[in-house]
Amino acid sequence: MGHKSRFTRVAVGVAALALAATACGKTSGEAEKDDDAKKGDSASSAAAKGIGLAYDVGGRGDQSFNDSAYSGFEKARKEFKLGGQDLEPQDGESDADKVARLTQLAKQGYNPIVGVGFAYAPALKDVAPKYPKTTFGIIDDDTVKAGNVADLVFHEEQGSYLAGVAAAKATKKKHVGFIGGVDVPLIHKFGAGFKAGVASVDPKIEVEEQYLTEKAEDGGFSSPNLGKEAAKGQLDKGADVLYAAAGLSGQGVIEEAAAAKEWVIGVDSDQYRQKPLAKYKKYILTSVLKDVGGAVYDLTKSVVDGSPKTGETRFDLSSGRVGLSESNPAYGKMTELTAAVEKAEADIKAGKIKVPTS
């Protein structure tokens, strides 16, 4: 199990940097001071201003997707002595708002600029051509094709398959649940992988499946109360292991599962180690790790090195950017569970298991 432990150590180290950082991203003025201090440094002058980060719905503090991106932002800033600015989304915002946010960062000279989430695709298609010397990245979207854009995407279904195996081994009632934040293809990948993993252990296990909203602007990724309500419903139906891929809404799922003293599986970040979730961590069996922070860091390093990444990069189990956490000591004690997860991981890497995406 050493290969998964290595992933966990890397993820924890990056997360620790984020936790040690200040409560908000640097302002443009602070970034300019960093820029002045950096003159003469070996890093590319194109990256001297620093990193621009535009968050997805839910914003920073979700202990999940956005916080993972922030961890990479902070790691790169510290390592390369860069400035940076991270900007929050607004509730119910339009594509025009995202265009304005990306344009603001580009005009101020940040490079690279990363849109955290597929919702930035329309805005990026508008803004990127206007700033051809700036490298843009987008997480979870592969539709933006431009010479200065990096599409940073993941095989979420692979990590979710492992979560399904773990849930199937952990359930005592032969009944588990999946809660997706928004009813969109990306979140379907999480659900499909999870259900396939469960079925690989025991196809008779019942799987509850629910999506909180049809559209992101309706709060599916940003409403813990919706997550809590959905979790209560699935627990009341008899599920005793829940897996949520719902951003900030997942906090409500974790809270409700812990209140019922049932297992819950986190997502994107190692949620067992997130301080705001500490009082629930006993019940966070594991988390599906999606190293968004690593992707942000990699892109920034490529710009600093003078060879910006562009085109599609898709991270999987073999890359070490997708995995399953082992932080909860209770997880490691479940030897039958961990052996099953380890075998499934090896089979996916070897191509023996093709995980469905829908």
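Colleague: Which residues does Lys98 touch, not counting residues up to four places away in sequence?

Modeller: Glu93, Ala119, Tyr120 and Ala123. Contact means heavy atoms within 4.5 Å. This is a predicted model: local features need pLDDT of at least 70, side-chain atom pairs count only at pLDDT 80 or more, and totals for chains, interfaces and linings use all residues. Residues are numbered from 1 along each chain as its sequence is written, and side-chain values use heavy atoms, with hydrogens and water left out.

Colleague: Why is Lys98 called buried?

Modeller: Its relative accessible area is 7%. Buried means under 20%, exposed over 50%, partly exposed in between (1.4 Å probe, protein chains only). So Lys98 counts as buried.

Colleague: Where does Lys98 lie?

Modeller: In helix H4, residues 95–107. Helices (H or I, at least four residues) and strands (E, at least two) are DSSP runs, numbered from the N terminus.

Colleague: What makes the charged end of Lys98 sit over the ring of Tyr120?

Modeller: The charged end is 5.7 Å from the ring centre. The definition asks for NZ of Lys or CZ of Arg within 6 Å of the ring centre and within 35 degrees of the ring normal. The charged end of Lys49 likewise sits over the ring of Tyr110, 5.4 Å from its centre.

Colleague: How many aromatic pairs does a search of the whole structure find?

Modeller: The search finds 7.

Colleague: Why is the pair of Phe154 and Phe315 called tilted?

Modeller: The ring centres are 5.1 Å apart and the planes are at 40 degrees. Rings of Phe, Tyr and Trp (its six-membered ring) pair if their centres lie within 6.5 Å; planes under 30 degrees apart count as stacked, over 60 as edge-to-face and the rest as tilted. So this pair is tilted. It links distant parts of the chain: Phe154 is in strand S5 (residues 149–154) and Phe315 in strand S11 (residues 311–315), 161 residues apart. Both Phe154 and Phe315 are buried.

Colleague: What is the angle between helix H6 and helix H7?

Modeller: About 40 degrees, with the axes 6 Å apart. Axes are lines fitted to C-alpha atoms, for helices over the stretch in contact, and angles run from 0 to 180 degrees between N-to-C directions.

Colleague: Why are H6 and H7 called oblique to each other?

Modeller: Angles under 35 degrees count as roughly parallel, over 145 as roughly antiparallel, 65 to 115 as roughly perpendicular and the rest as oblique. H6 and H7 are therefore oblique.
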